[in-house]
Amino acid sequence: MKVLLATGLLLISMLADSRAQQKSTHHVSTRAQIKEAERRLSELGYWTGPVDGRLDEGTRSALIAFQKWEGRAITGKLTLEDLDAIRNSVPPKARDLGYAHVEVDVDRQVLMLVNEDDGVRVLPVSTGNDKQFMDQGQMSVAYTPRGRFVVYDKTYGWENGDLGSVYYANYISGGVAIHGYLTVPTTPASHGCIRIPMFAARELSRLLPVGTIVLVYDKVSFVSAKDWIKNPKLKDAALANGALQ
C-alpha cells in the first residue's frame with residue numbers, strides 16, 4: 001500500500017511539473033500582456049516601436065534583442081516565461097561609457113545606440129557570416145571588421161549594389177555599413193555589413209550623423225574610443241581615412 005501511495009504521489013508531482021512547464025512556455029496572447037512587455041522592454045532600452053499591444057515588427061525586434069542579450073532561446077515569440085524574465089531584467093549596459101556612440105556586439109548580435117548619459121537603445125543585427133563569396137570577379141570573405149570606426153558617409157533611401165539593395169546605409173569602413181535590410185536573421189548572414197530591421201533604419205540613420213563613433217567587437221576584441229574624445233584630431237583622422245579602413 002505504501003509503495004502504491006508513493007508511486008501515486010510521484011505521478012501527481014510529475015504531472016504538476018509538466019503542467020507548470022507547459023504554462024511557462026505558453027505563448028502570450030492578450031493585448032494587455034503584449035503591451036506590458038512592450039512598455040517594459042522600452043523602459044529597459046530595447047527599440048520597440050509603438051507601445052500599442054500589437055506583436056508587430058518592432059515588438060518582435062525588441063523581443064529578439066532581449067533574448068539575445070539575456071542568452072535566452074531566440075524565438076521572437078513572447079511566452080509567459082519570457083514575460084516574467086522581462087519584468088525582472090535590468091537594462092543592457094554598454095562597454096564604453098561617458099560619451100555618445102554606437103556599439104555592435106558581434107557575439108550577441110545586437111547594436112546599442114549609446115547616449116551621453118550611458119542610456120541605450122538596442123536593436124538586433126545580423127553581421128558577416130565569415131563565408132567566402134564572389135564580388136566583381138574576386139573571392140572575398142563575409143567578415144565584419146572589429147575595431148573603432150566613424151560614420152564617414154551615408155546614403156538615403158534605397159541604394160542598389162552588386163550584392164543587393166541596402167536601406168539608409170551608414171558607412172563605417174570601406175564598403176561596410178550599418179543599414180536596413182529586408183531580412184535580418186537571428187544569426188550572422190550578411191556579406192560583412194551590419195543589418196538592422198527596416199522599421200528602425202530611417203530613424204537610426206538620422207541619429208548617426210557623419211562623425212559618429214562606432215565600436216565593433218566580440219569577446220576577444222574590444223578597443224575603446226575615449227582617447228578620440230580627449231583628442232578630437234584622432235577621430236578626425238579616422239574620419240578622413242574612413243573608406244580606406
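## Salt bridge between Arg-148 and Asp-227

Arg-148 is partly exposed, its relative accessible area being 23%. In this predicted model, the side chain of Arg-148 meets that of Asp-227 in a salt bridge, with an N to O distance of 2.6 Å.

## Other salt bridges

The whole structure contains eight salt bridges. One of them joins Arg-72 to Asp-82, with the closest N and O atoms 2.9 Å apart. Arg-72 lies in the loop between helix H3 (57-70) and helix H4 (80-87), whereas Asp-82 lies in helix H4, ten residues apart. Asp-82 counts as buried because its relative accessibility is 5%, under the 20% limit; Arg-72, at 25%, counts as partly exposed.

Within helix H5 (residues 198-207), Glu-203 and Arg-206 are three residues apart, about one turn of the helix. Salt bridges with shared partners join these two residues and Arg-121 into one network. The closest N and O atoms of Arg-206 and Glu-203 are 3.9 Å apart. Arg-206 is exposed at 61% relative accessibility, while Glu-203 is partly exposed at 30%.

## Positive surface patch

Arg-31, Lys-35, Arg-39 and Arg-54 form a patch of positive charge on the surface. Arg-39 is in helix H2 (residues 31-44) and is partly exposed, with a relative accessible area of 40%.

## Strand hairpin

Strands S4 (residues 132-135) and S5 (residues 138-141) pair in the antiparallel sense over four bridges. Met-134 stands opposite Met-139 in S5. Two residues separate the strands of this hairpin, and Gln-136 in the turn has a positive phi of about 55 degrees.

How values were computed: Residues are numbered from 1 along each chain as its sequence is written. This is a predicted model: local features need pLDDT of at least 70, side-chain atom pairs count only at pLDDT 80 or more; totals for chains, interfaces and linings use all residues. Side-chain values use heavy atoms; hydrogens and water are left out. Patches are made of residues with over 30% relative accessible area and no salt bridge: like charges are joined within 9 Å, nonpolar side chains (Val, Leu, Ile, Met, Phe, Trp, Tyr) within 5 Å. Accessible areas come from the Shrake-Rupley method with a 1.4 Å probe; for residues, only the protein chains shown count as cover. A salt bridge is a side-chain nitrogen of Lys or Arg within 4 Å of a carboxyl oxygen of Asp or Glu. Lys and Arg count as positive and Asp and Glu as negative; His and the chain ends are not counted. The place of a charge is taken as NZ of Lys, CZ of Arg, CG of Asp or CD of Glu. Buried means under 20% relative accessible area, exposed over 50%, partly exposed in between (1.4 Å probe, protein chains only). Two strands pair if DSSP finds at least two bridges between them.
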